[in-house]
Amino acid sequence: MRMLAKGRFARHILDWYMRAEDWIRPTPQGLYVEAGGFFIDPARPAPRAVLTHGHADHARPGNGDVLATGATLAILRARYGDAAGTRLQAAAYGETLRLGDVTLRLVPAGHVLGSAQIVLEHAGSRVVVSGDYKRRRDPTCPGFEPVRCDVFVTEATFGLPVFVHPDDGQEIGRLLDSVRRNPERAHLVGVYALGKCQRVIRLLREAGWDRPIFLHAALAALCAVYESEGVALDELRPASAAGAADLAGGIVLAPPGALADRWSRRLPEPLAVAASGWMRIRQRARQRGVELPLVISDHADWPELLQSFAEVDAPEIWVTHGQEDALVHAASLQGRRARALRLIGREADEET
Ligand SMILES: [Zn+2]
Ligand SMILES: [Zn+2]
């Protein structure tokens, strides 16, 4: 009895000295959870990967065992087919799993359909890897749930005080005003294929737009995944099959790259719109020839980042990608130890 108690005591002492960086660490390939033998969002194919969400800079093809939410796996299958992974394992939000010596749970991140924070527990400490996240309501996915932790791993895409996102309903209202004022023109909205596209569609429906919405072919597959996961998008039509009479006064969604290319020339007097957090930067909108910039972001803005640190109450913050320096400084002003991991392979520009 005494021996057992002593052994347990020794283990507690050991846990006490075991800090998170002893069992989870940044590598050139991504965050490696040594105690569990897996990578989180690896930048190159890994034998065992846990994925936060389906965006291409987090979920790459060619991994071996892949653990993610069922919706993220459906997104991966639509994007990569058989290259989605050798063995796919779905975890429900809140389900507790054991991988190696690590206890793991996926919790909603509020970023896109299927997006999850990964809650890891080992040796008496809890680390939350949030992937990408936002705090606004999004009709296409469950909202971010703050989980108290010892280390909170955060993105910093919009980690500068200048980034304060406006209300998305107000931005959609600006789009609908413009459609009313320009009934002869087609509004061509540049949106990322995963998340932004479907969120803009839902927001339009909520604002009362009940006409068909026209889609560039590159957006169709992921809209079908959202529909099959229970997100109703109502009537969508391929833009390629629509006549000029339908498209005039209509709303057409396309990947951002299509705004300036030949594809858009067949539309009647196209009016270029873009929906992205980057549209806060007027110069960016101008460079891309965007006539109507809408600031609609799937990432936390500056106040949401700092609010999240306070809510998860983490004494330590690790910043993965984006505008790290200002955020590290702001976190340390909150009395937290903060550091930039400078993970490679995360494109700040992509799918935001
Ligand atoms: Zn993302
Ligand atoms: Zn990202």
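In this predicted model, the domain assignment divides the protein into domain 1, made of residues 2-162 + 299-340, and domain 2, covering 168-294. Their centres, taken over C-alpha atoms, are separated by 32 Å. Where the two domains touch, 15 residues from domain 1 meet 14 residues from domain 2.

On one pairing, E9 is joined to strand E8 (residues 102-108) in the antiparallel sense, over six bridges; here Leu104 stands opposite Leu120 of E9. E9 also runs antiparallel to E10, with five bridges joining the two, and Glu121 has Arg126 in E10 as its bridge partner. E9 and E10 make up a hairpin with two residues between the strands. In that turn, Ala123 adopts a positive phi of about 50°.

Strand E10 leads on to helix H8, as E10 (125-129) is among the elements against which the buried residues of H8 pack. The others are strand E11 (151-156), strand E18 (316-322) and helix H9 (324-333). H8 itself covers residues 302-312, and its buried residues are Trp302, Glu304, Leu305, Ser308, Phe309 and Val312. In an α-helix, residues three or four places apart point the same way, because there are 3.6 residues a turn. After H8 comes Asp313, where phi is again positive, near 55°.

Terms used: Residues are numbered from 1 along each chain as its sequence is written. Chains are lettered from A and ligands numbered from 1 in the order in which they are written. This is a predicted model: local features need pLDDT of at least 70, side-chain atom pairs count only at pLDDT 80 or more; totals for chains, interfaces and linings use all residues. A residue is buried if 20 or more other C-beta atoms lie within 10 Å of its own, exposed if 12 or fewer, and partly exposed in between; C-beta atoms are placed from the backbone. Helices (H or I, at least four residues) and strands (E, at least two) are DSSP runs, numbered from the N terminus. Two residues are in contact if their C-beta atoms, placed from the backbone, lie within 7 Å. Two strands pair if DSSP finds at least two bridges between them. Domain bounds come from an automatic or database domain assignment.
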